[in-house]
Structure formats: C-alpha cells, structure tokens
Amino acid sequence: MAGRAHWFSACFHIKICVPSTRLVSFSLVGAVAGVFTPRELRSRARPPPSEPGRPLDRGAPYCSGRLAASSPRPALAASPLKDVASAVPPRRAERPSSRPTALAARPLAMLRAPLPLLLLLPLLPLSGAAAWPAEKRVVQKEAAFERLYGDAVNEKLLNIYAFNHTVSRNRTEGVRVSVNVLSEQKERPVLFVVRQKEAVVSFQVPLILRGLFQRKYLYQDVSRTLCQPPTKSEVEMQFFFVDVSTLSASNASYQLRVSRVENFVLRTGERFTFNATAAQPQYFKYEFPEGVDSAIIKVTSSTAFPCSVISVQDILCPVYDLDNNVAFIGTYQTMTKKAAITVQKKDFPSQSFYVVVVVKTEDEACGGPLHYYPFSKDEPVDQGNRQKTLDVVVTPAVSSEAYVNGILFCLGVFLSFYILAVLIVCWENWRQQKRRQQQLRLLSAVDTPCSDGSVRGNPQDLPDSFQGHPPLGSQSYGSFADTGSAASSENVTDSLLSTETSSNYAGQDLCQQRQRHWAAFAMDRSLENLVGRPRLDSLSSVEEDDYDTLADIESDKNVIRTKKFLCVADLARKDKRVLRKKYQIYFWNIATIAVFYALPVIQLVITYQTVVNVTGNQDICYYNFLCAHPLSNLSAFNNILSNLGYVLLGLLFLLIILQREIHYNRALVRNDFQAVECGIPKHFGLFYAMGTALMMEGLLSACYHVCPNYTNFQFDTSFMYMIAGLCMLKLYQKRHPDINASAYSAYACLAVIIFFSVVGVVFGKGNTAFWIIFSVIHILSTLLLSTQLYYMGRWKLDSGTWRRIFHVLYTDCIRQCSRPMYMDRMVLLVMGNFINWSLAAYGLIMRPNDFASYLLAIGICNLLLYFAFYIIMKLRSGERLLLVSLLCIVCTSVVWGFALFFFFQGLSTWQKTPAESREHNRECLLLGFFDDHDVWHFLSSIAMFGSFLVLLTMDDDLDCVQRDKIYVF
C-alpha cells in the first residue's frame with residue numbers, strides 16, 4: 001500500500017515544462033502506464049543542457065520541481081501539440097525512436113498499473129510517425145525598432161524576434177507592431193504572438209472580422225498597438241518577443257515592423273491627426289492634469305464613411321481595439337463626422353485613460369448603405385481600402401463653478417417673474433382700493449339730502465356701471481331685442497327711466513333725479529330676476545341633470561341655441577355652483593393622470609440611465625454630446641435643469657389663478673353686481689388644469705432628456721397635447737360656459753390622441769395602412785367636430801343623419817343657394833376643415849418620420865386658428881383689448897418667435913442613427929453651460945406662461961358689461 005500510495009504521489013506531481021512539449025507528453029504516458037518510477041520522473045524533469053552558442057529563451061525558462069499552481073495542464077489524450085510548439089520554442093529531446101522501445105521493454109511494469117489507467121492506454125498515441133510530429137526548428141533573432149523584417153515561416157519553422165526598450169515611470173511610450181503577409185494563406189493563416197511582461201497579444205493574418213449576416217472580411221495588412229504595463233521603477237529595461245508561426249506546409253512570406261508611436265500621450269487642447277482602418281486600429285493615452293476634474297474628448301473627420309467607433313477605456317491590459325470586441329468594456333459611441341465623450345477623473349483610479357478609435361467593417365450602424373455582395377457561405381468579401389482620417393483633441397470640461405452659475409441663472413430668471421407678479425398684485429390692490437374709496441365717496445354724495453336749489457356734483461360724474469348700464473365704449477354691442485333674445489327687464493324699466501329723463505328737462509332737482517335713478521336701478525335688478533333668466537342659487541340640489549328634466553328648459557335650449565344671434569347670457573343659464581363643480585373635475589382628473597403617468601416614466605428613464613452607465617453604450621441616448629454636462633449618474637444635467645422654468649412658471653400661474661378666484665369669491669359674497677351679472681362667467685377649473693399641465697410638461701420633459709430617444713419622446717409631448725386641448729376648451733368655454741365639453745369626454749379624446757401618438761411612433765414609419773387609417777379618422781373627426789360647433793350641440797347622430805344631410809344639401813345648395821345662417825361660424829369651420837384636410841393629405845403623401853411632432857403640429861395649428869378667429873371676432877364685435885392683454889400678446893408672440901428659432905436648430909434627432917444625429921451637435925451657447933435646446937426650454941416656458949396670461953386677461957374689458965350685451969361667436 002505504501003508503494004502504491006507513493007506511485008499515486010508521483011503521478012500527481014508530474015513535472016510539466018512549457019518549452020519541452022515532447023517531454024510533457026512522454027512523461028505523462030510513462031506515468032500513466034506505470035513504467036517510470038518517481039526517481040526516473042524527477043530525472044526526466046531536469047532541463048537538458050543548452051546547445052552551444054544558443055542562449056535559453058528569456059521569456060519562457062526551463063524549470064524543475066513540482067508543477068506550479070499557475071502552470072497550464074495539458075490534456076491526457078492530446079494530439080501532437082503543434083499549437084503549443086508554435087507559441088514557445090521546444091527543447092532538444094531524445095530521438096523519437098527511443099520512446100516505443102522503452103515502453104515495450106517493461107510489459108510487467110505496465111501490468112502493475114491500476115485497471116482504470118490500463119483502460120486508457122488504447123487512447124494514447126504510443127508509436128508511429130503520426131503520434132509524434134516532426135521536429136520544429138526554432139530561430140530566435142535580436143530585433144530592433146523602426147526596421148522592416150522580411151521572412152517566411154512554415155509548419156517546421158518558428159521565428160522569434162526579441163525586442164527590448166527602456167520604460168520610464170514618468171514617461172509613457174507607445175509601441176506598435178505592423179505586419180503584412182505577402183502570401184495568400186486563407187486556409188492556414190500566419191499566427192503572430194507578442195509576449196510581454198504582463199500581457200500577451202495574438203492575432204492571425206489574414207485577420208478575419210465578421211459583419212452582418214456573418215459576412216467574412218479578410219485583411220492582410222494588420223497593425224496593433226501594444227498595451228504598456230505600468231512600472232514602479234524610475235527606469236526599467238523591458239523585453240518582449242514576437243513569435244511567428246504557421247501550420248502551412250509551404251512557406252508563408254511576411255513583413256514585420258515594430259515602431260514607436262508618436263504623440264501616444266495626448267496633450268490637453270492639442271489636436272492630433274491620424275489614420276485608422278478596421279485592421280489597423282489606434283488608441284492613445286490621456287492623463288488628467290492637475291486641477292482638471294473632467295474632460296471632453298472630441299473626435300472629428302471630414303468624411304462620414306467608413307463608420308467608426310470611439311471608445312474610452314481604463315488603463316488595463318489587454319486593450320479591446322477590434323470591431324468585434326471594442327464594446328466589451330468602457331464607454332463607446334459610433335461616429336461618422338463628429339463624436340464627443342465627457343469623462344470624469346473620479347471614474348479612473350489611475351487618473352488616465354485610453355482613447356480607442358476603431359473603424360467598423362460595415363457602415364450599416366452609422367446609417368450607411370449595406371452593399372450587396374454575391375457570396376457563398378464563408379466566402380470572404382473584399383472591401384477595398386477603408387481608411388479614415390480623424391482628428392482628436394481633449395479639452396477640459398466645465399468646472400464646478402459653471403454648474404453653480406447655471407443653477408443660479410435658472411433660479412434668477414424664473415424667480416424674477418415671482419417678484420414681478422408680487423409687484424403687479426400690490427399695484428392692482430392699491431388701484432382697486434383707491435377706486436373703491438372713490439366709489440364710496442360718490443355713493444355718499446348721492447345719499448346726502450339736498451336743500452332746494454342746491455346741486456352736489458353732476459350725474460355724468462358717476463361711472464356708467466353705477467347707472468345700471470355698460471360703459472359708453474360698449475354701447476356698440478347694441479340690444480338684441482329684435483333678434484328674439486331672452487326676456488329682459490329693460491322693457492319694464494324703460495317707463496321709469498323715461499319719466500326721470502323727461503322731468504330732467506323740466507328743471508327738476510338733480511339730487512332727486514339721482515335718487516330716482518338708483519331706485520329705478522334697484523327695481524331693474526329685481527325685475528330682471530323675476531322676468532329674465534331664473535336665479536337657481538337657492539335650489540337644494542345642484543346637479544346639472546336637474547335642469548334637463550324640465551320640459552320648459554329643454555324647449556328653451558332648442559329655441560335659444562338656434563337663434564341667429566346669441567349673447568353670453570343665453571349660454572350661461574345654469575347654476576354657477578354646478579358649473580364650478582363640473583370644471584373643477586378638469587383639475588382633479590389631470591392631477592390624477594399626472595401621478596399615474598409620471599411615476600412609471602421616472603422609473604423607466606432611471607433604468608435607461610442605469611443601462612447607459614453600466615454598458616457604456618452611448619448610442620442608446622441622443623444627447624448633444626458637445627454640450628452634455630454630467631452630474632452624478634445623469635449624463636446631461638443641463639438639459640434637465642433648463643426644464644425648471646415650466647415647473648416654476650406653472651406654479652406661479654396656479655398662484656395667480658388662486659388669487660383671482662379668492663378675489664372673485666369675495667365679490668360674490670358681497671353680492672357685487674359686476675361679479676354676478678357682468679363680464680364673461682368666471683370658471684377657474686380649466687385654468688388650474690392648464691397650470692398643472694405646464695408643470696407636468698416640465699417634469700416629463702426633464703424625464704425625456706435623461707435619455708432622449710424615439711421610444712420615450714411621447715413623454716415630452718403627451719402634456720403638450722393636453723395643453724393645446726385645454727387652451728382650445730378654455731377659449732370655447734369663455735362664450736359657451738353651459739355647453740362646453742365635460743372633463744371625462746375631453747380627457748378621453750386626449751387619451752385617444754396619445755394612443756395614436758404611441759402607435760404612430762412605433763408602427764407609423766413607412767406604414768401605408770397606418771397612414772390611411774389615421775387620415776380617414778382625422779377627416780371624420782374634423783367633420784363631426786365642425787357639426788357640433790356649428791349647431792351648438794343641437795344635433796343627433798342617428799340613423800336619420802344621412803337623410804337630414806341630403807335634405808339640407810338639396811334645399812340649401814341645389815334647389816336654392818342660400819347663405820349660411822351662422823356666417824361667422826361657417827367661415828371658421830371652413831378654414832379649419834381646409835387646414836386639417838391639408839395636414840391629413842400632407843401626412844398621407846409625405847409620411848413624416850416624426851409622427852409625434854406631426855400630431856402636435858395639428859393641435860397647435862387648430863389652436864392658433866381658433867385664437868386668431870376669437871381675436872378677430874372680438875374686435876369685429878366692438879370689443880377691445882386692454883393694455884395688459886395687448887402687452888401680453890405682443891411680448892408672447894416675440895418670445896414664441898425666438899423660441900421656435902432655437903427649437904428648429906436641431907441639435908440631435910432620433911429619426912437618424914446615433915452617429916448621424918451627432919453630426920448636428922453644437923457647442924454650448926449660453927454661459928458655456930446651456931445649448932440651443934436649453935434656450936428653447938427657457939423661452940418656450942416663458943411663452944407658454946405668457947399665452948396663459950393672454951387667455952386669462954383677454955376679456956377683462958368686459959367685466960363691466962352685462963352678459964346680455966356680450967356677443968357669442
């Protein structure tokens with residue numbers, strides 16, 4: 001048992017010397033068969049003496065003793081180790097004829113081996129010429145830099161070139177190995193192995209790289225830059241060896257050249273020009289200087305193709321610098337003419353990195369054509385010369401002071417609007433308080449008893465609103481008595497006022513006249529409540545459906561809403577408490593939508609950013625890489641910060657609406673005549689919804705710019721659709737408060753629009769069926785909405801609709817040509833249908849790639865058309881714009897013009913490939929921190945805020961005009 005245990009010990013401690021491959025195989029066979037004793041194994045493990053005049057290989061010395069833990073173990077059933085022999089020089093071993101003789105001399109010793117090992121004997125090559133390869137001749141040469149070596153190798157010849165160079169700790173020197181195989185060796189390539197101190201680089205020539213559909217590309221001229229391991233000594237002499245071998249029986253001619261790389265270490269701010277191909281990649285080193293915490297690498301080229309890849313990798317060996325492995329580590333992006341990568345010092349422990357430039361085998365990744373090459377399976381494709389000239393420069397990125405200045409700039413710009421709003425509110429309160437004091441003085445003058453013959457004041461000094469009439473400037477509205485309007489108290493009070501007027505010419509005391517006038521005014525209001533539209537504030541139930549159950553109100557709807565001329569009083573008959581609850585639903589619904597919409601979006605974009613940071617693939621997101629300033633895990637903090645204006649100005653608009661609502665409610669509590677009976681009915685629910693939508697637009701736009709691409713562009717546009725829709729609803733609500741759409745139907749329509757936006761982005765590109773379906777739905781929706789607006793909702797869509805349409809066309813167009821009953825509405829709807837049909841035809845013919853922007857353009861065009869119609873009809877009806885409203889319109893229009901200019905600069909576009917999108921990248925524009933798109937964010941947020949103020953103040957001139965004098969259009 002002791003002997004057998006000792007045998008197993010000898011078997012497990014077989015010496016494997018890497019240079020002597022034959023000794024390894026022979027000793028292994030002997031140990032397995034039990035032929036050699038442990039002493040014989042130890043004697044055979046001793047290195048043989050070196051040949052005279054030939055030094056031992058410095059790179060792989062012979063060794064003795066037990067097998068080291070890091071030494072590779074060859075397989076038991078390995079065939080003749082030609083691949084190992086090609087990598088290291090074999091030692092001179094015994095003649096092959098002695099091996100089978102030694103094995104045959106000890107048959108009894110073989111029988112002493114365990115049975116499992118004896119069963120393995122048929123698998124081992126023990127004899128014959130096939131078991132042992134022919135002896136390979138190794139030639140080692142001392143080589144020098146910058147010298148061209150031309151030689152040949154075959155399966156019996158291995159060439160080794162020994163190089164040495166001095167390495168300094170404070171100076172990095174690049175070494176580049178260039179080879180060119182002159183013989184066509186497709187089946188048996190030439191293998192080049194570069195053995196360094198801490199790294200091994202191997203490649204074959206012809207170099208084979210794969211493209212799409214497993215296309216094979218062969219390259220005969222190959223150059224590789226060697227990875228330089230760091231040294232701890234001040235000066236150190238390092239050696240490296242270039243082994244050249246092949247399995248070809250015929251000679252393979254090649255040329256070898258080892259040279260030093262000029263400008264291997266890039267200098268800050270200095271531009272360097274170089275050439276690269278798919279088989280001759282380039283990489284350079286950059287070291288962060290003192291005081292620089294981040295840097296931006298800018299690579300440019302005058303030609304778009306061939307497509308290339310720019311990678312930033314840590315100082316590690318090996319460097320991944322081929323098309324098939326460049327994406328393994330580091331940060332990378334594809335490139336046509338421009339590329340830029342911003343890096344931070346904290347991400348590199350050695351405070352330095354490699355800039356790797358690789359030319360791809362195909363241009364498809366950069367948007368180039370994929371040429372059709374007729375080829376059979378595994379047939380190589382000849383691409384010709386795919387060389388690209390590039391310029392690289394590394395400059396310091398923005399400092400921490402730039403981040404602070406950018407944040408302070410944003411806060412300063414938008415907080416100034418808060419200060420301005422506070423000043424305007426204070427001035428308005430002071431003005432109203434002064435007006436109220438003046439009114440109180442006038443009222444006290446009216447109530448003061450007058451002695452005979454004494455006159456205090458002039459009745460013309462009283463404001464027109466105090467006399468129960470609209471201002472003189474608004475008399476052009478006229479009376480609608482001849483148009484069959486609702487019953488009014490004017491006919492009742494005319495006799496009273498006429499008596500007063502006639503007595504005025506008789507010289508009656510002016511003070512008594514004024515007292516009689518106020519008495520008539522009080523009776524006017526009381527009679528108006530009795531004869532005119534009902535006051536339903538005292539009803540216990542405030543549900544909207546209560547009115548629709550009354551037969552007289554239902555008939556009143558059909559009669560009033562189909563009149564030729566309508567006033568606001570005709571469409572403001574419902575209880576204001578009902579309408580207030582109805583329009584408050586807009587706010588609560590959009591707040592709920594915002595919460596449920598924003599949370600998944602935030603989670604998704606965080607995942608996107610994490611994927612970019614982990615994989616290093618910067619082709620996922622479409623930034624303006626020339627002005628993308630990272631902060632923590634965010635790649636473009638400046639694009640996110642610039643959306644702060646939407647949030648702050650949306651919040652300010654909500655505060656302004658809250659202040660107006662509080663002021664209006666106080667007026668209602670005082671039973672102010674102007675608040676109750678004059679002006680456009682005040683409903684603030686839609687305004688609250690608009691302010692919330694503006695804030696959510698800022699939040700979702702920031703989420704989109706975390707990682708902008710085509711899949712999450714809907715986040716940036718969803719609330720733009722809502723803002724456009726809410727603005728149109730608010731314009732319509734001003735003159736049609738009773739018949740405006742409910743929140744549920746409005747948000748349902750907006751949900752359908754967003755659904756089409758998502759479907760169009762995903763499936764609409766070049767899909768004819770989708771564009772046909774969308775265009776048909778677009779046109780039908782336009783016709784239905786036109787009918788709804790023209791008849792004020794007094795029509796039905798049922799089985800008799802087509803019969804009624806045919807009847808109207810026959811009677812009004814064929815039998816006799818009559819003018820439309822509602823000419824103004826008809827003009828608006830004809831223009832709207834023309835624009836929408838034109839947009840539908842444009843989409844069907846051109847099929848734009850950016851469907852989301854196309855859909856948003858439809859909404860904005862309709863909004864602008866309706867707004868222009870509203871302003872024109874307002875001026876045409878004798879109304880006017882106050883100075884505040886006019887100033888808001890002018891300033892907002894100017895800001896919109898500048899904003900659109902910066903929007904159309906197009907710094908990136910996800911309609912193209914990432915490499916093509918980077919061709920549109922530009923340097924920073926504002927404070928060295930914000931780009932053109934950030935300026936668009938600033939200006940568009942201000943313009944939207946101004947547009948909301950226009951909608952809020954454009955009808956303030958009607959606050960003193962009774963609603964039965966305000967025209968509906």
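The link of Cys627 and Cys924 is right-handed, with 110° about the S-S bond, and it is a disulfide (a pair of cysteine sulfur atoms within 2.5 Å) with an S to S distance of 1.9 Å. This pair links distant parts of the chain, 297 residues apart, since Cys627 sits in the loop between H13 and H14 while Cys924 sits in the loop between helix H25 (914-917) and helix H26 (932-953). Helices (H or I, at least four residues) and strands (E, at least two) are DSSP runs, numbered from the N terminus.

The model is predicted, so local features need pLDDT of at least 70 and side-chain atom pairs count only at pLDDT 80 or more, whereas totals for chains, interfaces and linings use all residues. Residues are numbered from 1 along each chain as its sequence is written, and side-chain values use heavy atoms, with hydrogens and water left out.

A search of the whole structure finds four disulfides, among them these two:

| Pair | S to S | About the S-S bond |
|---|---|---|
| Cys227 and Cys317 | 1.8 Å | -75°, left-handed |
| Cys621 and Cys707 | 1.8 Å | -90°, left-handed |

Cys621 lies in the loop between helix H13 (576-615) and helix H14 (637-641), and Cys707 in the loop between helix H17 (685-706) and helix H18 (713-735), so this pair ties together parts that are 86 residues apart in sequence.

Accessibility is described as buried (under 20% relative accessible area), exposed (over 50%) or partly exposed (in between), using a 1.4 Å probe and protein chains only. Cys627 is buried at 0%, whereas Cys924 is partly exposed at 24%; likewise, Cys227 is buried at 4%, while Cys317 is partly exposed at 34%. Both Cys621 and Cys707 are buried.
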